[in-house]
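Visitor: I am new to reading protein structures, and I would like to learn how to look at one feature at a time. Could you take me through this one slowly?

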Amino acid sequence: MVHRLLRHSRCTCPSSISSNKRHIPASAITGVSAITPATSVASPVAPLTATLPSQVPLPPVQTWCPSKIFCPGAILQTVNLAELWSDPKTFVDKPTDSDQQSVLAAFAPINSTNATEGAVLSFVDDNFGGEGLELEAQALPSFNANPPFLKNVTDPLLKAFAQVVHGYWTQLIRGTNSSALCDGVKCVSTLIPLNHTFVVPGGRFREQYYWDSFWIIEGLIQSQLFDIANDTLQNFMDEIETFGYIPNGGRIYCATLSTLPLLLNIDIRANTDLNRSQPPMFIWMLANYVAASNDTSILHRALPLAELELTWWKNNRSLNVTSPYTNTTYTLSRYAVTNSAPRPESYLTDYMTANDPTLGTPLDEPQRAELYSELASAAETGWDFSTRFVSRPLAGGTNNTGSALRSLNVKNHIPVDLNCILYKSNLILADIYSSGSHVNSTAAAQHTATAASIRAGILDLFWDPSKLAFYDFNLTSNSRNSFFSVATFYPLWVGIIPDELMSSSTNAFGFFSSVNMALRRYNGTYPTTFVNSGLQWDAPNAWPPHQYITMQALMALPDNVSSGAIPQPPKGKSGFALVPEGQLGLQENDLLRQPTSNGKNASSTGSRADINALDERWRDALARGLANRYFTSALCSWHSTGGSIPGSLPRLTDQQLNVSQSINNTGNMFEKFSVLDIDSGGSGGEYTVQAGFGWTNGVVLWVASTFGGQLVAPECPDPLVEASILNSVGSQKNVHEKWTKFAPFCGSYAGICQNVMNIENPLSPIVILFFP
């Protein structure tokens, strides 16, 4: 069997991604978006006369996805093997131009054994429209260009940048385009029509997504766009009423059925073979919205549906786990998707993971089916993909992640973060039922008891008092994992603080010592994990939601254990020496090394591994440091891709912008960042780094509101200097280690920096990336 290898991407430079947004000065923002969704032009990887690669047998029909066009089947597999677009999601987001039977008839002459690129391309061109055209930009009549939170930001540049980011809501607001909407008869589509407006993440994510919306709503609250936050929640409630839960995203391949039953109002909640959701943040979004808007009227509709969603998670994702440590049995939850075929939006990616002959022993059909279920379950976690859930993390090295993904073991993990979210959800409902106009003492007691049981399970199964960290529980080994990730901070975010931290400032710092280490060691924020695997939810990538969660976890600590001076490493040692033994599960020389402006890496160990010095009260210092690093990453990567602010931040020259192929761009807000390079987006994963970006913007606005007076403007790196360093030594480095020169806080935007920073770094001319 011959297979064509899957390309990682046509676009290797993040800034060359098409972005719908344009910088609009705050004074010119009208609240009306002029954005028209763009469609992709097919660019086959082989000549039009070439025959498609041979195919493995089709996977079984998926009861959760019965469409003969957009769900796993002959059409979807054949079109994907033709590789007409670099992103497999492009095809499944295209509506048909005619009814289903006509499309099936047009495909019938295409034989899977001798189909050519040209035949498949003609079939798609003749029978499908542009992706995303069922959605349209919406006006924001309630938009205020000068929301009150801007008063919290004291630095003029950062206030102007926050205002620009606030204005991007006008570029990301969408609604269903009724004139282009398929009715399931004249044409068919994967779109789940929504009744209310919503904010899209951006880029390829052109629909409403579940857990992204938590941080989008956080930003909407800061922007006082309460009507859009309400609309978002109403859409989720519509979905719970239809599906019994909230799908991963706004497409049928993220849900349970084809478009036709939805439009005919068929109740499919009795269907037990349900597909995937995402981290269940609805109840928390609801509570945050009510607290900010004082709109308690929404609870009348929302509370029964919140209960329905929790019931879905209990019935479909929970199981009893008996602790090997205390012999106590808990009802806890996991991610586990029923699926035996490639995900439609990532069909070719999953297909090649299962069938690429270079990945070792071919898989048989049961093995492929199980792998497809694991891949879909990983997507449900929101962390798709991370070595956190992988049995053999570096099986193929950092450039061949397929081997690692073959060892995914998501369904046998009891994740600490998921159970923390469900704990908080029950706690919120108990609080709502205990006061106000929705008092229900029986329901309050039930949710209080459920929360208490989950809390006990979290502390029993996930908490390691010797390593001072939380780890997932592994059903395969019936023991706590030793793999460290940012998920360790979720319990403190939801208010679960172990006694060992409450009683000891030394232990409390030990719990956050990896944050201290990262701020000392890297120029960016905090990575998802410290493993450099090539997967996008691993190092060196840092994701906006996790920066938010880590800052919230820090602020959850009481003053009595967090107000002391920040500990300093022993002489000749780095911040790694302050991390409790075994916490990271790695040796210091396993960690990524920060490239420096002298064309060399920082040392892998010892005091020269730290390029930044940290000082003063440790909790406040770490939280403020993360806030500044995050703001800097967002601002500098936006500036390096064409962003500018008249009177505050000049646009880079064409020569500088050409480094990132951004001459015609006006700035990207990326979905993720690199801890090594604050001038660019993150890397790795199934698709090119996306711009937009909903949760990135939401966290920027939350940081501006929360830390506004403590933010210090950076002087972003010069792309030409970066390019010079990269060209001189880049061939010696891993692709993830872009060389960078960083000179923050010492320039026209931060003239006071020399008075507030401690410069004790032997690696000249790096300056300290820490904030007073």
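Visitor: Which residues does F161 touch, not counting residues up to four places away in sequence?

Guide: Please keep in mind that this is a predicted model. With those neighbours in sequence left out, F161 touches F631, A634, L635, W638, I645, M669 and V700.

Visitor: What kind of group does F161 belong to, and which other residues touch the most members there?

Guide: In soluble globular proteins, nonpolar side chains tend to be buried together. Here the largest nonpolar core has 208 residues, and those that touch the most other members are F91, F161, W215, F282, F512 and V703. The element that gives the most to this core is helix α22, which spans residues 618–640 and supplies 11 residues.

Visitor: How many helices and strands are there in the protein, and what share of its residues is buried?

Guide: The protein has 26 helices and 12 strands, and of its 772 residues 64% are buried. If you take the contacts with a separation of 6 or more, 77% of them are between residues 24 or more positions apart.

Visitor: How should I read a pair of aromatic rings, and how many aromatic pairs does the count come to?

Guide: A pair of aromatic rings is described by the distance of the centres and the angle of the planes. In this model the count comes to 47 aromatic pairs. One of them joins F91 and F128, whose ring centres are 5.0 Å apart and whose planes meet at 65°, so this pair is edge-to-face. F91 belongs to helix α2 (residues 89–92), while F128 is in the loop between α4 (117–127) and β1 (135–137), so that the pair links distant parts of the chain, 37 residues apart. Both residues, F91 and F128, are buried.

Visitor: Is the pair of F489 and F512 stacked or edge-to-face?

Guide: F489 and F512 are stacked, with 5.2 Å from centre to centre and 5° between the planes. Because F489 lies in the loop between β10 (479–480) and α17 (490–493), and F512 in the loop between α19 (505–511) and α20 (513–521), the pair ties together parts that are 23 residues apart in sequence. F489 and F512 are both buried.

Visitor: Which charged residues lie over a ring, and at what distance from its centre?

Guide: One case is K467, which lies over the face of Y471 at 5.5 Å from the ring centre. Another is R480, whose charged end sits over the ring of Y325, 4.3 Å from its centre.

Visitor: How many residues of helix α12 are buried, and what do they pack against?

Guide: Helix α12 (residues 347–355) is mostly covered, with nine of its nine residues buried, including Y347, D350 and N355. These buried residues pack against α1 (74–81), α13 (365–381) and α14 (402–405). Helix α20 is also mostly covered, with nine of its nine residues buried, among them S513, M517 and R521. The buried residues of α20 are covered by elements that include α19, α21 (544–556) and α22.

Visitor: What is the volume of the second largest pocket, and which residues are closest to its centre?

Guide: Rolling a probe the size of a water molecule over the atoms shows where empty space is left. The second largest pocket has a volume of about 380 Å³. It is lined by 17 residues, of which L310, K314, N426, T450 and I454 are the closest to its centre. The elements that give two or more residues to this lining are α11 (299–317), β5 (329–333), α15 (416–432) and α16 (441–462).

Terms used: Residues are numbered from 1 along each chain as its sequence is written. This is a predicted model: local features need pLDDT of at least 70, side-chain atom pairs count only at pLDDT 80 or more; totals for chains, interfaces and linings use all residues. Side-chain values use heavy atoms; hydrogens and water are left out. Rings of Phe, Tyr and Trp (its six-membered ring) pair if their centres lie within 6.5 Å; planes under 30 degrees apart count as stacked, over 60 as edge-to-face and the rest as tilted. Helices (H or I, at least four residues) and strands (E, at least two) are DSSP runs, numbered from the N terminus. Buried means under 20% relative accessible area, exposed over 50%, partly exposed in between (1.4 Å probe, protein chains only). A charge sits over a ring if NZ of Lys or CZ of Arg is within 6 Å of the ring centre and within 35 degrees of the ring normal. A nonpolar core is a set of buried Ala, Val, Leu, Ile, Met, Phe, Trp, Tyr and Cys residues joined through side-chain atoms within 4.5 Å. Contact means heavy atoms within 4.5 Å. On a 1 Å grid over the protein atoms alone, a cavity is a set of points where a 1.4 Å probe fits but cannot get out, and a pocket is an open set with protein on both sides within 12 Å along at least five of seven lines; lining residues have an atom within 4 Å of a point. Grid points are joined across faces, edges and corners, and a volume is the space filled by probe spheres set on the points.
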